[in-house]
Amino acid sequence: MDSMGNSGSVFFLILRRMRVPLIVLIVIYAISVLGLTLVPGVDANGQPAPALSFFHAFYFISYTATTIGFGEIPNAFSDAQRLWVIVCIYLTVIGWSYSIITLLALVQDKAFQNVLVNARFARRVRHLHEPFYLVCGCGETGALVCRALDELNIRFVVIESREARVQALDLEDFKTDVPALAADAQQPGILEQAGLGHAKCRGVLALTNDDNANLAIAIAVRLLVPDLPVLARAESPMTEANMASFGTHHIINPYARFADYLGLAIEAPNSMRLIEWLTGLPGQHLPPIRRPPTGKWIVCGHGRFSRPVIRQLADHAVQVCVVTPEPGGAVAPGFRHVAGLGTEAVTLQAAGVEQAVGLVAGTDHDVNNLSIAMTAKDLNPSLFIVARQNWVANEALFKAFEADFTMVPSRIVAHESLATIITPLMAAFLAEVRRRPDVWAADACTRLEEVCGGVVPLVWDVEIDAQSAPAIVHQLTQGPVSLQVLLQSFENREEALELVPLLLVREGASMVFPETTTALCAGDALLFAGSAEVREKQRMALSNANALEYLLTGQDHPAGLVWQWLTARSPRT
């Protein structure tokens, strides 16, 4: 319906802009035809003859005014008729020139181009027949999410306010055609045009760098399609609380999340490593485990990023000195304050950098953060450095510096967004990780490393239902099925698949690292970690009854009717 509405807008806009030229052409044609029906002609003998009929006059003007040219019919014209035709020729040339110029101006008109783009976008969205996600905002965070979704063969639609970013998407080497529109995602009509309410829309990701825009998107989704999951980015605690008040499903504050990670790394480094392992982008190599030391820390900057970091450090009995150009009143009471940016050695020395064990370079400017970190490292080479990287484009600089922890807001949001939408069970597993002791997390890391090495695995979930696991559901009606069958290769049942079962959820109860002998039940939800190749092999046991029977009994029965007939007729040994 949206596509039809946009097509109607294009049609009526053309009619409105071309109204005067069309009227001019109609009037010129009418006058020309009327004149030929009034001006007397001559016959073949040169004698006076009646004027042309309306049909012959219209026929003659039609091919003459369109510059086709044919001749004088049905007889040679009189001088009076030729004089009138000369007038008609010039009139029609003027009329057509005016119409063509107006049409060219319409084609170049920005509003008309926008209507055409909107109509094409709505048509592409309407023709989507696969599940897709609506991504609002395609900056650094949105681009990371889009690339990952494309690698996972998940369709998505993009709304981005900057036209240059939408044009850049066309240059991306995506596997499928990506509908993208340069528009304001805060407008409910734009969201509906982009597929909000579409039967195949699986969720909305509000990933713009504007908290107000993300808030407006979250509200619109909750009001228009209440059951549709929405994931929103919020960089201020006030916006985060506002989103939570009306039930936004998933809210990601990258600064608060990193502060939590830093606190977890101090308290439980193995738990932090396990979370990094499972929420990273598949295929990436993990850095070695690093535990931030306890003692005196210096935090440079006192904004959205530094405040939650300071609170986490203070909660872990860490002495904190805050370096900020603002007056000391801007810093919460109980913390030592030194005025300055931290880029000068004098300022860092006044903050006690020689005696400190860690430093956080957390300003809004990447160059300042690198300057702070390099100056501090020169003064105290043993410092544990946490650097804030605001822009992905500066990755080469931060990689060259090799900070102990580098905080990239866009990557934190992208990783958690992907983990949330692709594997809904991930949140439950990560909650279990935070509740368990660090020794348990160390054992979990060992289990993962045995299977995946030091590479971030692919994490996926499986639901035991008729759609995702038809073979398992059918077999459960005939007898028990254990988790073991999902851990074996259908090519050789003696060969174990390189994957780890992370979680089993049954009727609201969770079982972490379930045993291989655990009996499956219809309605179970499982979370696995492994590779994409292993996931494809596991799908055979879920969907193919013959492969499942082989895994259960060791008997490989023929699948096709012909092979079944031949097997039945073959002699038994």
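**Inside the largest nonpolar core**

Guide: The largest nonpolar core has 53 residues, and the ones that touch the most other members are L274, L313, F429 and L502. Helix α11, spanning residues 254–267, gives this core its largest share, 8 residues. Two domains also take part: the core draws at least three residues from domain 3 (294–403), and at least three from domain 4 (458–573). Please keep in mind that we are looking at a predicted model.

Leaving aside residues up to four places away in sequence, L274 touches V433, W440, A441, A444, C445 and L448. Apart from this core lies another one, made of 29 residues, with A194, I217, A218 and A234 among them. As a general background, nonpolar side chains in soluble globular proteins tend to be buried together.

The structure holds 1 cavity of 30 Å³ or more, and the volume of the largest cavity is about 60 Å³. Its lining is made up of 10 residues; P269, E276, I289, R290 and F405 are the ones that lie nearest the centre of the cavity. Helix α12, residues 269–279, supplies the largest share of that lining, with 4 residues. What kinds of residues make up the lining of the largest cavity? There are 7 nonpolar and 3 charged residues, and no polar ones.

Technical notes: Residues numbered from 1 in each chain as written. Predicted model: local features only at pLDDT ≥ 70, side-chain atom pairs only at ≥ 80, totals over all residues. Heavy atoms only, no water. Core = buried A, V, L, I, M, F, W, Y, C linked by side-chain atoms within 4.5 Å. Buried < 20%, exposed > 50% of the residue type's maximum accessible area, 1.4 Å probe, protein only. Helix = DSSP H or I, 4+ residues; strand = E, 2+ residues; numbered from the N terminus. Domains from an automatic or database assignment. Contact = heavy atoms within 4.5 Å. 1 Å grid on protein atoms, 1.4 Å probe; cavity = no way out; pocket = protein on both sides within 12 Å on 5 of 7 lines; lining within 4 Å. Points joined across faces, edges and corners; volume = space filled by probe spheres on them. Nonpolar A, V, L, I, M, F, W, Y, C, P; charged D, E, K, R; others polar.
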